[in-house]
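I opened this model to see how the chain is put together. My notes follow in the order I looked things up.

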Amino acid sequence: QDDMAIRQTSGAQIEAFQAGRHAMAFSYASPALQDQFGTVDAFITMVQAHYRPVYRAQSFAFTGAAKPIAAHRNMRIQLVFITDETGTGHRARYFMQKQPDGSWKIAGCHLLSTPEIEI
């Protein structure tokens, strides 16, 4: 059940970016991230500058189930493979945080290097 909720939340944020629904995308961020950026505009400016593949995702797929973080019982890591607007693949690590109401919010995202595949 948590895996489905985690995928729904992270996927919904990517879809909100795709649709240009910035306030909706911001709503999937954890309260701490929302406090850190303060406004939708500040959040979107950061995403555009540092997470362009996520902001401009053309497609995405989840890579396995969300993994628990041993030191943080209310945190999980979800891996996502993202294809950007140029057709380039990227791996992203989403840090998901369970909220007191049982919902999941995005507490962070790291883009991981994707080695080139030689044919």
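**Entry 1: a loop residue**

I started with T86, which lies in the loop between β2 and β3. Helices (H or I, at least four residues) and strands (E, at least two) are DSSP runs, numbered from the N terminus. T86 is exposed, with a relative accessible area of 59%. I use buried for under 20% relative accessible area, exposed for over 50%, and partly exposed for in between (1.4 Å probe, protein chains only). I also checked T86 against S103, 17 residues apart along the chain. Their C-alpha atoms are separated by 33 Å.

**Entry 2: ground rules**

This is a predicted model, so I noted that local features need pLDDT of at least 70, that side-chain atom pairs count only at pLDDT 80 or more, and that totals for chains, interfaces and linings use all residues. Residues are numbered from 1 along each chain as its sequence is written, and side-chain values use heavy atoms, with hydrogens and water left out.

**Entry 3: the whole chain**

I found five helices and four strands. Along the sequence they follow the pattern α-α-α-α-α-β-β-β-β. The radius of gyration, taken over C-alpha atoms, is 14 Å, close to the 14 Å of the globule rule for 119 residues, so the protein is as compact as a globular protein of that length. That rule is 2.2 Å times the number of residues to the power 0.38. The C-alpha trace spans about 45 × 35 × 20 Å along its principal axes.

Of the 119 residues, 35% count as buried. Contact means heavy atoms within 4.5 Å. Among contacts with a separation of 6 or more, 44% join residues 24 or more positions apart. The protein exposes about 7,100 Å², and carbon and sulfur atoms supply 53% of it. These areas come from the Shrake-Rupley method with a 1.4 Å probe.

**Entry 4: the core**

Which residues touch the most other members of the largest nonpolar core? They are I14, F17, F43, V54, I82 and Y94, out of 22 residues in that core. α1 (2–18), α2 (22–27), α4 (40–50), α5 (52–55), β2 (72–83), β3 (89–98) and β4 (104–112) each supply at least two residues of it. A nonpolar core here is a set of buried Ala, Val, Leu, Ile, Met, Phe, Trp, Tyr and Cys residues joined through side-chain atoms within 4.5 Å. In soluble globular proteins, nonpolar side chains tend to be buried together.

I then took Y94 by itself. Not counting residues up to four places away in sequence, Y94 touches S10, Q13, I14, V54, R76, I77, Q78, V80, I106, G108 and C109.

Is S10 buried or exposed? S10 counts as buried because its relative accessibility is 0%. S10 is found in helix α1. Beyond four places in sequence, S10 touches F62, Y94, M96 and I106.

Q13 is in helix α1 too. At 4% relative accessibility, Q13 is buried. Leaving aside neighbours within four places in sequence, Q13 contacts A25, Y28, A29, F43, Y94 and I106. I also looked at Q13 and Y55, 42 residues apart along the chain. Their C-alpha atoms are separated by 9.4 Å.

T9 belongs to helix α1. T9 is buried, at a relative accessible area of 10%. Leaving aside neighbours within four places in sequence, T9 is in contact with Y28, M96, W104, K105 and I106.
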